[in-house]
Amino acid sequence: MALRNRTEAYDLSLFDTRPLTVEVGGLPKEKPSPKKQRRNNVIELPQKELDQNRRKHPFSLKAAAVMATMVLMLTIVGSIVLNQVQLNELTTQIAAAQTQLAEQESVHTQLQMEANANMTLSDVEEYAKEYLDMSKIGKSQVTYITLTQGDQGNVVQSSGGESLLDQILSFLQGLLS
Amino acid sequence: MAKGTTVRMWRRVCILLVFMAIALGVVIFNLIRLQIIDGEELKRAAIDQSLRPTELTAQRGTIYDCSGTKILAKSASVWTVALEPIHIEEKDKPVVARELARILDMEEADVLELVNKDTYFTYVKRKVETEIKDEILEFEKKYGISRGIQLIEDYKRYYPYGNFMGPVLGFTGTDSQGLSGLEYQYDSELSGTAGRLVTAKNAVGSDMPFQYEQRVEAEDGYDLVLTIDEGIQHFLEEGLEEGIANFNVANGACAVAMDVNTGAILGLATKGDYDPNDPWTIADKEVQKEIDALPEDEQEAAISAALQKQWRNKAISDTYYPGSVFKMCTGSMALEEDIVSEETTFTCNHSYQVSGTGVYINCWSTHGTETFVQGVCNSCNPFFMYLGEQLGPSLFFKYFEAFGFTQKTGVDLPGEANTIYYTADQLNPVELATESFGQNFSITPIHMLAAAAAVANGGYLVQPHVVDHMLDSDGNIVMSADTSYKRQVISEETSERMTKILNQNATSGTAQSGYIAGYQVCGKTGTSQKILEDNLDPTKKHYIASYCGFAPADDPQVALLIYFDEPDPKINYYGGTVAGPTFEKCMKQILDYLGTERKYTQEELEKIDTTAPSVAGQTVEDAVKTVEDAGLTVKIRGDGDTVLEQVPAFGEELPQDGTIVLYTDSESTETTVKVPNLKGLSLSAANQTAINAGIQIKVTGAALTSSSSISQTQDIEEGTEVKPGTVVTVSFVEPDQVA
């Protein structure tokens, strides 16, 4: 049986509607193959269009736009990542610098206190006396001025009175002040 | 028909759909549970897991003196060294112990004991400086020690001038909390408020900035600017140390200087004090030796008592009988109530019978008939008992209360003691009589000084205070001291009259030891017996010697109280003798320092010291002329033509008829003489002794106003080698007027 060589369980094509035409001689006419049918369906393009199609296409705008968008996206994502990395790096550096600053400020205070401890008034006084030949302020360094009752201060005033214009100006200034 | 879906296929599809629905249901259920039911909790857990809060420490405020620039206390971050002994490798332990002991200045055995502990954490040394920390880091690097030593950031309070102002400043504890003095009183203001930084952390614990970051800045503590002047404080501390040494004072001393018009305390010194940098060490070596000699079980209590004693601010926390110093208050009451005038007379027969009782109270001397002014100058107890009687308990107590003796002064220092006194109802005749001359009630030195300021300033009771103003971290003033007076106790007229009497007392009365030429000092001495201590230890007498006064009389500015607790009675214990010279020295330095103008009387001008002109470097001929033109005598030593050195040096004070010694060759400059004993001599004897020894003396105190005074102290010790012509300052007191 021919069916033994087939993979399908049923040959459903057997149930397809067949054309009623029967060739003379009793033998059915050979069925045209589908390939041949498709070949027959080829549309012949006009020469002009063929020539146009043969021409080399320039890079299409759509593809360029897609590419550009992708590049832009990549750039944005890349720069965000890069910025974040830099930000982290700078933050770490700032934190380290701040710690160092705080530490140095503490060292400054420590040294300042140590220096102050060596600069007590007793030490300063002793050094000033022993090494700089200095002495405490005394009455010899102060000059007192005695004002007797005869000493008077005179306030000089202009003898002339103000002009009318000056008086008006003074009056206006008085109002404005 | 065979090409369509079969029933079996439909069944399979249905089963698949059921499974998918169940799976979807589970997913949706879990989604609801995670998002809605447990959402908040999980969200919180997630935040807790990723967020790390960090405390931002507030810097403790700085304490400045009145200039606002001189730092008296400041904080800085330091390091605490700790060990994780369990993480230290066995082979490293000896080297860790050795090196840490070397760096931290500790005993190697002690550190080794810590290193060998079987614990995860132990402290080695707290609050070490950055320099030490760096050394430890170097050591770790050198020996490749990566675990086991921890350096923890900590804070340390620095007091750069050691025991200078120790009891006033106080100190802080291990957590930087104030424990004593101003540090305790103003702890909340100095501490500030800690801040908080909340940040997200990634898996390895690094900060993820800008995500969930919340920062609440720390508010640093306020800075305190005190009313205390470093210079004045120095004079007081120096004066007390000298007085303690001269009179072998057993129980410490204190001195307080106050602006009489505002109540601002310009200086407050207490001895024996301590170093706030090391408050837990007993500063007095003698006390430490005594404790070391005690049995071990008694040492702890003794150490505690000694520490409490050294932390105590005597001016605020100790009460005492003010003694005769209080007579300025009784006198003011009597003047105000017109019970007495300057000319009112009274006869002192040494013993006074308290009226209505059979009780007799003795005077320290017999003064005979005297005016009120003389009574004050003689410090006559019967006169003041008589005044007390005239005032009566009610009126006496009214003024007693008005002077502020029944309440705390409210000074901004911790530990102010309550006063002990009799109320008007409790004042029977004997109590009234004894209180009238300053006995039988206890007040603090600061109470007495505030009352003296009221007598000086027109009768206004001021508020003593130590902090002038507070600054925030931006330098804005956030608090200023209130300098308004509390009340007027006596009238301005009474104040002026009492001031004149006290001025006379310091010029020619019992308070002459505090006299300063040109400064019109007003003063009153006080000697009070410590009855309780006498009862506890009858083998010796216990006294408090004090001197309280103010100056200048025509416009009082500064009031000063000097107080010595238990001077050696074998040397002297009277206020005029013990406290007077210290008062004179301190007050003179303070007024000089403040630039107060001296106003000399004609009599004073005749006795006033002069200053040495500058002649060093001049030819002998020129130098002699310059010195003689200044009215001084010249002595030339050596054979040179040029003056190589002069004694006294240029600018030093010497008597008007003093001598300047000129040294003209190198051999002569090496000559020295020994300072003789100049104590316990009359003025002429002291002068002669000085001349014989080749030196000269400058006198202070009673010798300027009295001919019967005797020398009490000398500023250069006996036996000291000095150059011929050196001027030694000798203070004199009036031996008969020492109450």
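Colleague: In which sense do β30(B) and strand β32 of chain B pair, and over how many bridges?
Modeller: β30(B) pairs with β32 (residues 727–733) of chain B in the antiparallel sense, over four bridges. Pairing requires that DSSP finds at least two bridges between two strands; strands (E, at least two residues) and helices (H or I, at least four) are DSSP runs numbered from the N terminus. This is a predicted model, in which local features need pLDDT of at least 70 and side-chain atom pairs count only at pLDDT 80 or more, while totals for chains, interfaces and linings use all residues. Residues are numbered from 1 along each chain as its sequence is written, with chains lettered from A and ligands numbered from 1 in the order in which they are written.

Colleague: Which residue stands opposite Ser711(B)?
Modeller: Phe732(B), in β32(B).

Colleague: What is the strand order of the open sheet?
Modeller: The order is β29-β32-β30 (chain B), with mixed pairing. β29 (696–701) and β30 (710–714) of chain B each have a single partner strand, so one side of each lacks a neighbour in the sheet.

Colleague: Which helix packs on the sheet?
Modeller: Helix α25 (residues 683–693) of chain B does, touching β29, β30 and β32 of chain B (contact means C-beta atoms, placed from the backbone, within 7 Å). Its direction makes about 155° with that of β29(B); axes are lines fitted to C-alpha atoms, for helices over the stretch in contact, and angles run from 0 to 180 degrees between N-to-C directions.

Colleague: Changing topic, how far apart are the C-alpha centres of domain 3 and domain 4 of chain B?
Modeller: They lie 38 Å apart, with domain bounds taken from an automatic or database domain assignment. The contact takes 11 residues from domain 3 of chain B and 10 residues from domain 4 of chain B.

Technical notes
Contact = placed C-beta atoms within 7 Å.
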